[in-house]
Amino acid sequence: MSDTIALQLDGAVADGDTPAAAETWDMATWFAVLSMAAASFALVSAEFLPAGLLTPMARDLGVSQGVAGQVVTATASVGAVTALFSNVLIGRLNRKTVLVGLSALAIASNILAALATDFWILLLGRAGLGIALSGFWALSVAVVARVAGVNSIGRGMAIVTLGVSLATIAAPALGALISDWLGWRVAMAMTAGLAALAMLLQALSLPTLPATTSNSLADVLRLTRRRGIQLGMLAIVLLMTGHFAGSVYVRPFLEQVTLLPTVPIALALLGFGIAAVVGNVAGGRLADANIRMALVTTSALMGLAALALVLAGAHIAIAFIFVTLWGFAFGMAPVVLPTNLSRAAPDALEATGSLMVVSFQVAITIGAVVGGYAVDTYGAIAPLTLTAILAASTVVLALLQRRT
């Protein structure tokens, strides 16, 4: 099947508005895609785990919580650089071998972090995780297209990124509980177990995936000349910068503007997470049917949610409803944005994957910096205002995309 799909990709036409013919999946395809979802869950669980471990980890290693928090920065920064070169470095290696190897790297990195005797060894382990993360996501769209079909990229990526939604909800909370019961090192080691399970599933389920292309850095950068790639990358940067600038400060907003105590805030954030899972599924269906409308819908819902919170978030019911709507839109985004970008270069999906990862990492970095400045300077409403503005800008950008 993979060779047939590769030929389809070579001659595919980017279709922004015409619904694609659905691919029929057999059991082998389902298992292959689910193995990718297991890998995304394992990798993202390890990425977000430190959020629940900072206090005991900092105390054990003799550093401040601010310094301990840089383990997240190390993962993201190494990932951003690696993403640009990942498809160059893997050359013509079998893509199944690469994915299994990246899971093995995640196992080693998590074990090293769990055994770290000082902060620098911990950083080294987290840097290895950053390489595994970026390599996996850079290949994800191309691999899904080859195992599930070019017309099922949205559906396939919805399942793969479901692991992201579940990990985002579960990892920080479970990490905090496990660290209290058994210690932060045990919690970190358990993510190595998740990566080992994902590696086993990939080894058993993924078909052999011989390289259909070998990209140079020039090939990757040459793609940025395409108008569709430019608009697709800009859409990722705008919408995800807006999301990460505002979503980090939803809790302070609920505390300071809605005046909610801890338990209702936790319920609101749980609603955000559950809605993200639902949005993930909806995003996959809409992305395969009409990618332009999917991007407009995702951006408009996120912008509407942020704007409603800014204007009327002092009311408890309004706050709960639109925090949940924001979660739904965020669940759609990791499916819709990569699928949208891939439609601009169906002949170079691996190189497009590198640009996709770089765009996401840039957006996360800018969002964190700008959002932090906005909340410190102008208060809890400011980051959400920025989210609304950038989401509205993404709607306009989506409407400018070429109909085919």
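Please keep in mind that the model is a predicted one.

Which residues make the nonpolar surface patch? They are Ile169, Val263, Leu267, Leu270, Ile274 and Val278, and together they make a patch of about 530 Å². If you look for helix H13, residues 262-289, you will find the largest share of that patch: five residues come from there.

Let's pick out one of them. Val278 sits in helix H13.

Now for the rings. How many aromatic pairs does the structure hold? There are six. One of them joins Trp25 and Trp30 in an edge-to-face arrangement, with 4.7 Å from centre to centre and 65° between the planes. If you wonder about those two numbers, a pair of aromatic rings is described by the distance of the centres and the angle of the planes.

How covered are these two tryptophans? Trp25 has a relative accessible area of 9%, so it counts as buried. Trp30 is at 31% relative accessibility, so it counts as partly exposed.

Trp25 has another neighbour to show you. Arg155 lies over the face of the Trp25 ring, 4.0 Å from the ring centre.

One last stop, with phenylalanines this time. Phe244, Phe272 and Phe330 form a cluster, linked by ring pairs.

Technical notes: Residues are numbered from 1 along each chain as its sequence is written. This is a predicted model: local features need pLDDT of at least 70, side-chain atom pairs count only at pLDDT 80 or more; totals for chains, interfaces and linings use all residues. Side-chain values use heavy atoms; hydrogens and water are left out. Patches are made of residues with over 30% relative accessible area and no salt bridge: like charges are joined within 9 Å, nonpolar side chains (Val, Leu, Ile, Met, Phe, Trp, Tyr) within 5 Å. Accessible areas come from the Shrake-Rupley method with a 1.4 Å probe; for residues, only the protein chains shown count as cover. A salt bridge is a side-chain nitrogen of Lys or Arg within 4 Å of a carboxyl oxygen of Asp or Glu. Helices (H or I, at least four residues) and strands (E, at least two) are DSSP runs, numbered from the N terminus. Rings of Phe, Tyr and Trp (its six-membered ring) pair if their centres lie within 6.5 Å; planes under 30 degrees apart count as stacked, over 60 as edge-to-face and the rest as tilted. Buried means under 20% relative accessible area, exposed over 50%, partly exposed in between (1.4 Å probe, protein chains only). A charge sits over a ring if NZ of Lys or CZ of Arg is within 6 Å of the ring centre and within 35 degrees of the ring normal.
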